[in-house]
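Thanks for making the time this morning.

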Amino acid sequence: MESELSVRDVLTSDYVGVSESDTVREVVRLMREERTSCALVVRGAEPVGIVTEWDVLGLVADDRDPSTTTVGDAMTTPVITVGPDRSLTDVATTMARQNIRNVVVEAADGIVGLVTQRDVIAAAGSFQATMTPSRSSEPPVDRDRDAADPAAARTTEGDDTQLLPNGGDEYTTQGICEACGSLADALWDANGQLVCTDCRTV
């Protein structure tokens, strides 16, 4: 049986590090260049905060000037840290309970990297795919018949095969909703985001 994924298996070792004295505008420019959703605020080798897209949106909503506001005034603190050997399921639960999208991975010798919500969702999807048994023994679907008669696509009596609703855009693995941050049993692809059933209906 496959062993459970750990943080070490999915973490991003390349992260954007900034200081508390940097301006938010400088950090946003750096985040955009590196195509990342957050920047880790460090004091020496110690993580003291994190700046995310949500922090920047909050700053703009409060009519604060990103050119003069420092990272120290805008960052989220304290940082949630986890060890590299912690299970991914455990971290996903922590992220959902704390309503956060990023955790810092820290070992005895310092910062190892970050785990983002996307890392968790991507890893969960990959893990599910490796654990799903092959369905090559199932009879082929008559797509011409389905196209001519949509009602025929429904499961027939005595047939265990089930078609996914809404064109098959449901992710049947547990993960974190990108809209509300909650841990969901199933995720849906809505406008390029993986969202839970509640957020999908909004």
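A search of the whole structure finds 3 salt bridges, where a salt bridge is a side-chain nitrogen of Lys or Arg within 4 Å of a carboxyl oxygen of Asp or Glu. Please bear in mind that this is a predicted model, in which local features need pLDDT of at least 70 and side-chain atom pairs count only at pLDDT 80 or more, while totals for chains, interfaces and linings use all residues. Residues are numbered from 1 along each chain as its sequence is written, and side-chain values use heavy atoms, with hydrogens and water left out.

In one of these bridges, the side chains of arginine 8 and aspartate 85 meet at 2.9 Å, N to O. Arginine 8 lies in helix α1 and aspartate 85 in the loop between β4 (81-82) and α5, so this pair ties together parts that are 77 residues apart in sequence; helices (H or I, at least four residues) and strands (E, at least two) are DSSP runs, numbered from the N terminus. Aspartate 85 is exposed, at 59% relative accessible area, whereas arginine 8 is partly exposed at 47%; buried means under 20%, exposed over 50%, and partly exposed in between, with a 1.4 Å probe and protein chains only.
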